[in-house]
Amino acid sequence: MHLFLVIALLVIVSALYSYINARFLKLPGTIGIMALAIIGSILTIAVDNLDPKIARYLTLLAKNINFSTTVLNIMLGFLLFASAFNLNVRKLKREMRPVLILSTLGVILSTAVFGTLLYYVVGLIDIKIPYVYCLLFGALVSPTDPVAVGAIIRGSKLPSSLETIISGESLFNDGVGLVLFITLLEITRTGPENIDLAKAVMIFVQEVFGGLALGAVTGFLAYRLMLSIKDFQTIVLVSLALVMINSVVAEMLHLSIPLSVVTAGLLTGGRSINADNKEHSHEALESFWNLIDEMLNTMLIVMIGLQMVNLPYIKNYYLTGAIGIVLLLIARWLSIALPLTFLRRSLNVSYSNVNILTWAGVRGGITIALALALPASPYRHFILSGSYFIVIFSIIVQGLTLNRVINASYRSKD
């Protein structure tokens, strides 16, 4: 299928779903579009079985999109930059300690707890999966998705401090989760006995700190360039170039793209580029990136739904998908409660907020992209199907009930 036709069909379907949701369903954008995308994919599969000619365009669209490459190498940089650019940096500084702990120690704990529980629970129902693959599954689903999280909590009744913690954590934990995923994937290829610990540590340091350094340097230079001019068109082009430079250079130097673009976004968005009080360039640039964020988020959710057309085997994994959902909620709760128990004095988080932080941990496109990027193995279908169930549950169920959990938590606290 021609590239332009693929893009055109994706935009048309996204516009259609967005209109139906805005006009009739009136659900929060991410939740409504995800529901429509799932229904659309199920109908496409049903129609394709009856008459392949009728559903051929949507089927071809799903099969011609390289989801992993599109998300990880193209869309991810723009989505993360948009979220970071519009984040309140002053509030983030006040909540930086819990953000860093949740995005590093929290992700590692969640991966370990989920992988260990999964290994023993699926063993009870006579499903044999190596422990390292259970940990790999945990590394896929432990990081919260900044795109899905931002879209859902935007309309919630979260207190300002918790909203900042959840948004900040979701921005930074993708970098840690990706490095953890790459390390565990290498172990599955070489075997646990052949892993070079020193090499793994060097890769982690290079990815994390190299990505932060690249984003800091390019973000500062771009900020100075935008501050020195008044032409808004040029300012927009500089911000777009900033995202692309970070994505390309980070990929070439094997650095963390998420951490690089997030750092650049925080540096450029945290300080005003208005030359004087009469100009509103910074506010206009915030509006521009907010629009980019919402449009790409809509297309990403549609792409997630369309990929179900390529997964005819997903119906065989309902039980393991349900197990994965429950175990991930347990792992998420423990990954927040355990650091809070030992570091309570240094964290501005109370025990009454653990349930809210657990339920607000939404997964999205990055989880699916990493799962689709898994090489062929006897366990790929198991992990990919489980990831789909977890993402759909977190966006629709957790997204629709988040406000109820918030209200219930604060009622019990009172």
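This report walks through selected charges, surface patches and backbone features of one predicted model.

## Ground rules

The model is predicted, so local features need pLDDT of at least 70 and side-chain atom pairs count only at pLDDT 80 or more, while totals for chains, interfaces and linings use all residues. Residues are numbered from 1 along each chain as its sequence is written, and side-chain values use heavy atoms, with hydrogens and water left out.

Helices are DSSP runs of H or I with at least four residues, numbered from the N terminus. Buried means under 20% relative accessible area, exposed means over 50%, and partly exposed lies in between (1.4 Å probe, protein chains only).

## One salt bridge

A salt bridge is a side-chain nitrogen of Lys or Arg within 4 Å of a carboxyl oxygen of Asp or Glu. By this rule the count comes to one. The partners are R332 and E169, at 2.6 Å from N to O. R332 lies in helix α15 (residues 318–342) and E169 in helix α10 (residues 160–190), so the pair ties together parts that are 163 residues apart in sequence.

## A buried charge without a partner

D145 sits in the loop between α8 (131–141) and α9 (146–153). Lys and Arg count as positive, Asp and Glu as negative; His and the chain ends are not counted. D145 is buried, yet it has no salt bridge. The nearest side chain of opposite charge is R363, 8.9 Å away.

Contact means heavy atoms within 4.5 Å. Leaving aside neighbours within four places in sequence, D145 is in contact with S170, V362, R363, G364, G365 and I366.

## Buried S385

S385 belongs to helix α18 (residues 380–413). S385 counts as buried because its relative accessibility is 0%. Setting aside neighbours within four places in sequence, S385 is in contact with Y313, I314 and Y317. Y57 is 328 residues from S385 in sequence, and the two are 24 Å apart in space, C-alpha to C-alpha.

## Two surface patches

Patches are made of residues with over 30% relative accessible area and no salt bridge; like charges are joined within 9 Å, and nonpolar side chains (Val, Leu, Ile, Met, Phe, Trp, Tyr) within 5 Å. The place of a charge is taken as NZ of Lys, CZ of Arg, CG of Asp or CD of Glu. Accessible areas come from the Shrake-Rupley method with a 1.4 Å probe; for residues, only the protein chains shown count as cover.

R90, K93, R224 and R271 form a positive patch. R90 is in helix α5 (residues 89–94). R90 counts as exposed because its relative accessibility is 70%.

Y19, F24, L25, L27 and L400 make a nonpolar patch of about 490 Å². Which helix gives the most to the nonpolar patch? Helix α1 (residues 3–25) does, with three residues. L25 lies in helix α1. At 40% relative accessibility, L25 is partly exposed.

## Positive phi in two loops

D126 has a phi near 65°, a positive value in a residue other than glycine. D126 is found in the loop between α7 (105–124) and α8. D126 is exposed, with a relative accessible area of 63%.

H254 is not a glycine either, and its phi is positive at about 60°. The loop between α12 (232–252) and α13 (257–269) holds H254. H254 is exposed, at 53% relative accessible area.
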